[in-house]
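User: I have a model open and want to talk through it. Can you take me around it?

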There are 2 protein chains.
Amino acid sequence: MTSPLRDRARQMLKDAGLYCTEPRLAILQVLMQAARPLRQDQIGEKLTLRALNKVTVYRTLESLIEVGLVHRAFTYRRAGYFELADHCTEHQCHPHFTCTQCGVTHCLTDILLPLAKIAQKGFVINRQQVRLEGLCPACA
Amino acid sequence: MTSPLRDRARQMLKDAGLYCTEPRLAILQVLMQAARPLRQDQIGEKLTLRALNKVTVYRTLESLIEVGLVHRAFTYRRAGYFELADHCTEHQCHPHFTCTQCGVTHCLTDILLPLAKIAQKGFVINRQQVRLEGLCPACA
DNA sequence: AAAAAATCTGCAACTCAGTTGCAAATTCTG
DNA sequence: CAGAATTTGCAACTGAGTTGCAGATTTTTT
Ligand SMILES: [Mn+2]
Ligand SMILES: [Mn+2]
Ligand SMILES: [Zn+2]
Ligand SMILES: [Zn+2]
């Protein structure tokens, strides 16, 4: 039960100082292969080895977020969407475009807006998130 | 039972083609006086004349959003935050800064980031939303 | 100023994403 | 491998937001 993907996941967990458990390996692998942020239930559906309790998925995501491996990309219709903390700079995650027609979200990994300059001093910006809405090529 | 504020609210509803009801007038007035986006329960607390059922508040907000008077600014801890659709350009709302320490949100009404340029053609951007996280002057 | 038509409101019950407590299972440490 | 530390699954719970529907309000028509 080994593969390059799985080994990378194992290493990430080890480096992060997290217990290397089956659920965490499985979820990390799902996220590593995802093209867009996923909800808890979507992650669950993509698990191949065995099903996981949703509580486990949520708690795993929480752990992965805590160590910086995963980001909560955005919320859509009250549900959280999670993705690997990749293609993000120190203070800014890549933007996401969601089509209001078909609902599909696209990661704009090659776009980076300038960081907002807050005139009023004293503000410390830790993260800037950009969200775009509109019509995707298929729906426009 | 009249006031400049109330009259403005009444006019806004009339222009939007919505029935001019007591709940709508009251909620609009609360939003007109708010310095930051509010949750349903926060709006309810600020009502002075009489209490409204939360269903009414939600449905009123929905109506106001539909006609473009109100925006759902962002979601925080699974709750929606609403504000008057003011200080927004055609394709971009003003950014919001939320302090991760004290939880207070600030409207950055004087900041405007450039609209993202999506290389891949065919995308139609209808709205760009920017959200900032960090420490406010009081907490930094 | 009715009366009729159109729309809104409140209530109660419901949905559904996410959380909590706790016992059992797994992983790490020495 | 034993013991300590941590994680997992289950069941029950939370809380924001939604739905159906009867009765109330607002607007439009006579
Ligand atoms: Mn992404
Ligand atoms: Mn605002
Ligand atoms: Zn689309
Ligand atoms: Zn603060």
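**Strands across the two chains**

Analyst: Strand β5 (residues 124-135) of chain A pairs with strand β5 (residues 124-135) of chain B in the antiparallel sense, over eleven bridges. Two strands pair if DSSP finds at least two bridges between them; helices (H or I, at least four residues) and strands (E, at least two) are DSSP runs, numbered from the N terminus. This is a predicted model, in which local features need pLDDT of at least 70 and side-chain atom pairs count only at pLDDT 80 or more, while totals for chains, interfaces and linings use all residues. Residues are numbered from 1 along each chain as its sequence is written, chains are lettered from A and ligands numbered from 1 in the order in which they are written, and side-chain values use heavy atoms, with hydrogens and water left out.

User: Which residue is the bridge partner of Q129(A) in β5(B)?

Analyst: R131(B) is the bridge partner of Q129(A).

User: And what order do the strands of the open sheet have?

Analyst: The order is β4(A)-β3(A)-β5(A)-β5(B)-β3(B)-β4(B), six strands with mixed pairing. β4 (105-107) of chain A and β4 (105-107) of chain B stand at the edges, each with a single partner strand, so one side of each is left without a neighbour in the sheet. From one strand to the next the twist averages 20°. Axes here are lines fitted to C-alpha atoms, for helices over the stretch in contact, and angles run from 0 to 180 degrees between N-to-C directions.

User: Step back to chain A. How many helices and strands?

Analyst: Chain A has four helices and five strands, in the pattern α-α-α-α-β-β-β-β-β along the sequence. Its C-alpha atoms fill a box of roughly 50 × 40 × 25 Å along the principal axes. Of the 140 residues in chain A, 41% are buried. Buried means under 20% relative accessible area, exposed over 50%, and partly exposed in between (1.4 Å probe, protein chains only).

User: Metals next. What coordinates the manganese ion (ligand 1)?

Analyst: The manganese ion (ligand 1) is coordinated by E83(A) (OE), H94(A) (NE2), H96(A) (NE2) and C107(A) (SG), at 2.0 to 2.4 Å. Donors are N, O and S atoms within 2.8 Å of the metal (3.2 Å for Na, K and Ca); water is not among the atoms, so sites may look incomplete. The donor residues of ligand 1 are spaced E-x10-H-x1-H-x10-C in sequence.

User: Is H96(A) buried or exposed?

Analyst: H96(A) has 3% relative accessibility, so it counts as buried. H94(A) is buried too. H96(A) is in strand β3 (residues 96-99) of chain A, and its side chain makes a polar contact with the side chain of H94(A) at 3.1 Å. A polar contact is a pair of N or O atoms within 3.5 Å; within protein, one must be able to donate a hydrogen and the other to accept it, and residues adjacent in sequence count only if both atoms are side-chain atoms.

User: What are the protein donors of the manganese ion (ligand 2)?

Analyst: E83(B) (OE), H94(B) (NE2), H96(B) (NE2) and C107(B) (SG) lie 2.0 to 2.4 Å from ligand 2. E83(B) lies in strand β2 (residues 79-84) of chain B and H96(B) in strand β3 (residues 96-99) of chain B, so the pair ties together parts that are 13 residues apart in sequence. Both E83(B) and H96(B) are buried.

User: Which polar side chain lies 2.9 Å from a base nitrogen?

Analyst: That is K54(A), through a polar side-chain atom.

User: Last one: where is R77(A) found?

Analyst: R77(A) is in the loop between β1 (70-76) and β2 of chain A. Its phi is near 55°, a positive value in a residue other than glycine.
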